[in-house]
Amino acid sequence: MYSFDYHKPASLSDAAALLGKAEEGKLMAGGQTLIPTLKQRLARPTDLIDLGAIAELKGIKEEGGALVIGAMARHADVAASDVVKRMIPGLADLADNIGDAQVRNRGTIGGSIANSDPAADYPSAIVALNATVHTVKRTIAADAFFTGMFETALEEGEIITAIRFPRAEKAAYAKFRNPASRYAVVGAFVARTGGSVRVAITGAAPSVFRWTEAEAALSANWSAAAIDGLSVKADGLNADIHASADYRANLVKVMTKRAVLAAG
Amino acid sequence: MADTLAVGRGIPRLEAPAKLTGRAVYVDDIRRPGMLHAALLLAPHAHARIVSVDVSAALALPGVRCVLTGDDLPHRFGAFVKDETVLARGTVRYFGEPVAAVAADDLATARAAVDLIVATYEDRPSVMDPDAALAPGAPVLHADFATYERRRASPLPPNVCAETTIAEGDAEAAFAGCDVVVEGVFETQPQVHCYLEPCGAVAEVDDRGRVTIWSPCQSVFRVQATVAEALDLPMSRVRAIATMVGGAFGGKSDVTVQPAAALLAMRTGRPVKLVLSRNDDFLSMRTRHPARVRVRTGAMRDGTLVARTVDLTLDGGAYAEDSGAVLGFALLMARGPYRIPHVRCVGRAVYTNRLRAAGFRGYGNPQVTFAGEAQIDDIAARLGLDPVEIRLRNAMRTGDRWVGGQELASCGLTECLEAVRDAARAVRRPPPAPGRRRGTGFSAIAHICGILSTSAVLKVLEDGTLTLNTGAVDLGEGSDTVLAQICAEALQVPVDRVNFAVPDTDGSPYNWSTGGSRVTYMVGRAVTAAAADVREKLFAHAADMMECAAIDLELRPGGKVGIAGVPGREVGFRAISMRAHWAVGGPVIGTASVMFEGGFDPKRTEMTGDGIGRLGTYVFGAQAAEVEVDEATGEVRVLEVWSAHDVGRAINPLAVAGQIQGGVAQGLGYALMEDLVYDGERPANPSLADYKVPGAPDLPPIRPIIVEHPEPTGPFGAKGIGEPPVIGVAPAVRNAIAAATGVRLAVLPMTPERVLDALSAQEERSDDGTGD
Ligand SMILES: Cc1cc2nc3c(=O)[nH]c(=O)nc-3n(C[C@H](O)[C@H](O)[C@H](O)COP(=O)(O)OP(=O)(O)OC[C@H]3O[C@@H](n4cnc5c(N)ncnc54)[C@H](O)[C@@H]3O)c2cc1C
């Protein structure tokens, strides 16, 4: 790790000001991705701005019938939240299966989606639940937020403040875990709201994507059997030491079916 | 056993409180006045000529005290082939090979200096597996191989560092008379030792120019000998002291970073600490030998095994290290624990541009046992026999002879097999959920405990308590505790009266190594012999003091010598030792040296190359594993493992159970997930974020079963248990998957994707009508 200046502002405006002044500033949430990156000396920021003391970024609440989760909510907070468990239990379950206990007690929803790791769990929930990402400047629709591998619609220095999830009738997540890190080799989040079904797949491709054939099939027949007739092409899917593209293609189907079963 | 004071009792580890409270001192905890910190530059190529290494910018960085390159360490070392230097000279042979070492005032400066070293390389074609290495015209890793000093100087083909044959009877001819002959090719992967504590050393030079090295290691004596060789020093100028060891498993058997730390200390005149980061440890240390094992086994219709041939190719990586011995031992074990009269086992260890392979818990045995025990199940399936029955029918028994002619003085194999079978079959579970298939698999194993020489010094202190010094390093398996128990039992004193000395080449008597499951058995023998020596000397004093004949004396619990049959007539160790120290005869010190003598019966057995015959006493065990296979993902969930081992006599049943549980855990990692995958020339997963070692949440219930057939030569009948529990796990799991699904896997690790592919292939075959 190279040396840097560390700041812990108490408000969003102070954070923005510090970021503006820094030669190369970096926001820090739980540091779960950022600190390993620094340790491996893959980044060399001059200033770290810790978002941990900013009250505006915290909290989980119901607001106008939607679930609003502050950017600094930790995975363990989401997993344990009564509000989340009542409104979208599948989301609490997703959070409860991220990484290990240490990661869940430090990692945040804002850090996770800002990072846009192709194997992260939350992006599938954001997209399948058609959430909106609130930042200091604007709101960004789920379908517009994740733009590629480790890429998002966020502008330089744009701070995520909260994520707003509309309530779904049925929603669940199923993932096949990487045995070491427990990131998703493939994860499928399915959600049904009114007549509309959304299926978002993470881990399988460079970025989270909607599996539209499954959405159509499930809209017509909300059951795991509806997935049986579909096929997933391996072209363009990720291949790495953890799984080949063919294996991931199979998992897309299997995990989607399991998510539908879990959603009931 | 009610008649014992210390032996047979599951007492907790002597060092447990220190470890649990964080007070135990590991190498990274050591701080010496004026100490410098060191870091290594690792090669970014698997095979390259080093054109130049420019260290000027690194040396110019403030705080940098010394930079070493290969030119500073020209001496080659190696236990079987002297093919390795501390830092690469002229050629790098694996991705991650150390090229330079820096010592600086602090670690950040040392690492920054490493970044400033400009090394230029000329890439060479690499050979990343034995097939490539053995192909005609393949790039040769060690062009000067013929000039290297070797333990056995027979000519070898290019890129081969050892070749061995062990044979008895006439296997080829015997196959002709068999009812069935089954053949298979099995492949195993590089498993990383993954001790919790990465390798490291602290070195310091004293005012007489002698270097002292503190390090986690398996033998302070091997560190001393190898550092002396690598630095071209007399051994008397090198002192090695063991620190607490955070696991080793064979990975700290040879030197790790001690020579580089020592030379940096000698050059700077200051203490130097060199501790590897986890990443550098992954890249520059060792793995288990990847293996390809071709096995043929012939049997009669009733299941009687008649003949077996084994052709083994070990990938030794870039340097020979212990490959010759691993090969020889693997071939000695390749017949399996069965009465098979005709065997021919041949093999070779091959140089490739990978991380050097080394001894790793099991020492070549897990590879051949995976193959051999998988094949026993395949034969049973072919003949329609029960997999435990076929093993029992052929199992070795006390009095049988191993390959090489050694007679088995104790063998509880059949009892181990029956124990795991009965335990596994007694379990009742609700049926598996739809889409999941369940099965139970078995394996039988043999191993040795023994190897070479060791010694012990037992001093009676003035107050009659004891200091036991054996030079044996406890790697975390609990040997300090077990040896103290043996000593306490032998002299009938409470365990807390025995002080266990830290292994130190200055003060400790020679001990070959903590390896080969040998410490309880071999060092235990030295301890009982040293205790007998002490007892004899104590008795001589007591006889004088009580005016009786020594032959009438007996030990009494609590450190007393009494006249047999005369209660109350006794003297304490304290009184005896006071007399010895201050009046008559001088201090009481017991000593003993033991050797497990080698050799084989040449009339019976053919042996070439690094063939090994008598090496130790044989130990036996059996495993059962119950698994559930997910048909949609290929994921294998192990539900429970039973592991029975004949340990002769459990000196400490708690420690034996711990060894079994830890070994099974490591075996499950080997079976299902651990694999250092290469992406071309470089390891793709050199970190714990990508290389999976099973942790507590990943493990099923593991049921140790202790079987005790006392070994006549062992201390209180004991034999070793360090390695055996890891050996039979992979084949038991493989056979369980076969029992559950019918697919017979031949490649480790058995990842979900491999299992799913095999399930799909089986489905296609049965769709074609070609399935069985
Ligand atoms: C061992 C391990 C296992 C893991 N397993 C999983 C898993 O199973 N599933 C999974 O989904 N994830 C997993 N993760 C990721 C983890 O859950 C975190 O979500 C992720 O690392 C982000 O961490 P963080 O919230 O601490 O953000 P940081 O590491 O602090 O920041 C990450 C990035 O986001 C930026 N950032 C942070 N907050 C904001 C904000 N409010 N606005 C704008 N930008 C911001 C930072 O500048 C940085 O670039 C794992 C991580 C580790 C280390």
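This is a predicted model: local features need pLDDT of at least 70, side-chain atom pairs count only at pLDDT 80 or more; totals for chains, interfaces and linings use all residues.
1. Strand 11 of chain B covers residues 238–242. Five of its five residues are buried, so the strand is largely enclosed by the rest of the structure.

2. The side chains of strand 11 of chain B can be sorted by direction. Val238(B), Ala240(B) and Ala242(B) point one way, while Arg239(B) and Ile241(B) point the other way, and all are buried. In a regular strand, side chains alternate between the two faces of the sheet.

3. Strand 10 of chain B (residues 211–215) runs parallel to strand 11 of chain B, and five bridges join them. Within this pairing, Val238(B) of strand 11 has Val211(B) opposite.

4. Elsewhere in chain B, four strands form an open sheet with mixed pairing, in the order 16-25-26-29. Its edges are strand 16 (436–450) and strand 29 (702–707) of chain B, each of which pairs on one side only. From one strand to the next, the twist averages 15°.

5. In that sheet, strand 16 of chain B pairs with strand 25 of chain B (residues 616–630) through 15 bridges in the antiparallel sense. Thr617(B) in strand 25 of chain B stands opposite Cys449(B).

Note on methods. Residues are numbered from 1 along each chain as its sequence is written. Chains are lettered from A and ligands numbered from 1 in the order in which they are written. Two strands pair if DSSP finds at least two bridges between them. Helices (H or I, at least four residues) and strands (E, at least two) are DSSP runs, numbered from the N terminus. Axes are lines fitted to C-alpha atoms, for helices over the stretch in contact, and angles run from 0 to 180 degrees between N-to-C directions. A residue is buried if 20 or more other C-beta atoms lie within 10 Å of its own, exposed if 12 or fewer, and partly exposed in between; C-beta atoms are placed from the backbone.
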